[in-house]
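Trainee: Can you walk me through this model? I have some quick questions.
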4 protein chains.
Amino acid sequence: MFRIDANSDVPVFQQIVDGVKSAIARGACRPGEAIPSVRGMAAEVLVNPNTVAKAYRDLEREGVIQTQRGKGLFVSPDAPELCREDRRNTVLRKLNALIAEAQAAGIPASELAKAIGEERASDHEQTEPE
Amino acid sequence: MFRIDANSDVPVFQQIVDGVKSAIARGACRPGEAIPSVRGMAAEVLVNPNTVAKAYRDLEREGVIQTQRGKGLFVSPDAPELCREDRRNTVLRKLNALIAEAQAAGIPASELAKAIGEERASDHEQTEPE
Amino acid sequence: MFRIDANSDVPVFQQIVDGVKSAIARGACRPGEAIPSVRGMAAEVLVNPNTVAKAYRDLEREGVIQTQRGKGLFVSPDAPELCREDRRNTVLRKLNALIAEAQAAGIPASELAKAIGEERASDHEQTEPE
Amino acid sequence: MFRIDANSDVPVFQQIVDGVKSAIARGACRPGEAIPSVRGMAAEVLVNPNTVAKAYRDLEREGVIQTQRGKGLFVSPDAPELCREDRRNTVLRKLNALIAEAQAAGIPASELAKAIGEERASDHEQTEPE
DNA sequence: GTGGTCTAGACCACC
DNA sequence: GTGGTCTAGACCACA
């Protein structure tokens, strides 16, 4: 599903939240599907169960997953819609911040556009559908 | 020179470091020039002098500024080179992370490229007449 | 691990940095081991936690230790290599400065060599029986 | 007579004090000779006159130089003796500290002795009288 | 005037 | 529990 980078500066619980949202957004997890239990996920990604629990609490509060008493946790019906929007907003917000940061340093936006173009060309042509 | 966003999640001292680097990178500060004193900068951006001192300490360790005992802090000769490279690396690194984050969520890189294009068009119409 | 000399002219935080590096260099701390927590070390050497944190911050920036959020600080894998080299360079650099200082005052290097020899003889007679 | 290193971590006034003492210790300045005035020295080594004045104050307090009203500053009769002892004590004290620092890091004193030997052999054979 | 160090104490996020 | 950040205020050395 996703991997945890212990050396990253983004908190582990946030990596879990983002990982689950991304999996749902890209269609890897579908509404109604069960997601690993707190303990299962903790064992899978090798983190403290408390950390997973916190991530799941956030996901449930946002309506991405739902608890069914005694059965476990499931992807909510409108999770794909929610996650796609959430991920899109998050990425675009970060992108705008990055553009601003670049301009403050005198780096024109065209440089960023160019870098994206190179990334797309070199790494994976299968992701260029349109 | 720059402004501090107290609501940002990036630490104040880091904002100062980045702000000074950006100012040097874009040519607003030239080698040999003095930068505002610890107390002066603290008053300017309304933070505690210790916070400014922490930022300046980082800048000196990276070779961006040099301290002359009792006189103040000065932009080092090779600071522009250092800062331009540093800012460029930082921005491109963040951009690559963002591209990866987008792809994990099923957002094609073309979306990011499009968003940058729109930003450029709206900000300065002289490059792209509408 | 080491002791702090409050009367020394070298700053306390620097003594901590050097002490930790020396401990790693001589093999008293091994990679992967945790080093005392900020608060623990502060209590141990009787200084303010902020002072310890400053020292640890330096050590992390040099790659000697790594912080794991919420868990503590750990000796990095290549710390022994780093510290041995760092300590060796530092000592030899100081030694060269000292030789230069001596020569400026008309003290021949042979005097220094003699002094080292006496120190070795007095400290551990097993190498040089008197 | 000597040069000031503005980037050194040893204070400028201290460099002046040490420089004068060393010149006397090695016999470059003899008792009764005049030493440059505060202004003259300040112009010579390109530092603030206040800094030179502070250095001279220290030298006078230690009995190395003497003020003759209206005439200037002169090397005192017992300055050579004083300076030779002072320089020797200072260097040996620093050397002992360095040996201790090396041993704390697991560097044997023999390494230091070896380094001195190499320095003597490579740099200047004229300084090996005995 | 300058920067550097240290202390004390608070608040926060993370695990 | 952990480290990280920030503030407030003190003291010192240097130029």
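What follows covers a chain interface and then one proline.

Mentor: Ground rules first. This is a predicted model, where local features need pLDDT of at least 70 and side-chain atom pairs count only at pLDDT 80 or more, while totals for chains, interfaces and linings use all residues. Residues are numbered from 1 along each chain as its sequence is written, chains are lettered from A and ligands numbered from 1 in the order in which they are written, and side-chain values use heavy atoms, leaving out hydrogens and water.

Trainee: How many residues do chain D and chain C put into the contact?

Mentor: Chain D gives 33 residues and chain C gives 32 residues, with contact meaning heavy atoms within 4.5 Å.

Trainee: And what area is buried between them?

Mentor: About 2900 Å², with 65% from carbon and sulfur atoms. Buried area is the accessible area (1.4 Å probe) that two parts lose on being put together, summed over both.

Trainee: Which residues in chain D lose the most area to chain C?

Mentor: Val91(D), Glu101(D) and Ile116(D), together 18% of what that side buries. Glu101(D) also forms a salt bridge with Lys94(C), at 3.1 Å, N to O. The rule, a side-chain nitrogen of Lys or Arg within 4 Å of a carboxyl oxygen of Asp or Glu, finds 6 salt bridges across this interface.

Trainee: New topic. Is Pro80(B) buried or exposed?

Mentor: Pro80(B) is buried, at 14% relative accessible area; the cut-off is under 20% for buried, over 50% for exposed, partly exposed in between (1.4 Å probe, protein chains only).

Trainee: What does Pro80(B) touch?

Mentor: Ile24(B) and Pro31(B), not counting residues up to four places away in sequence.
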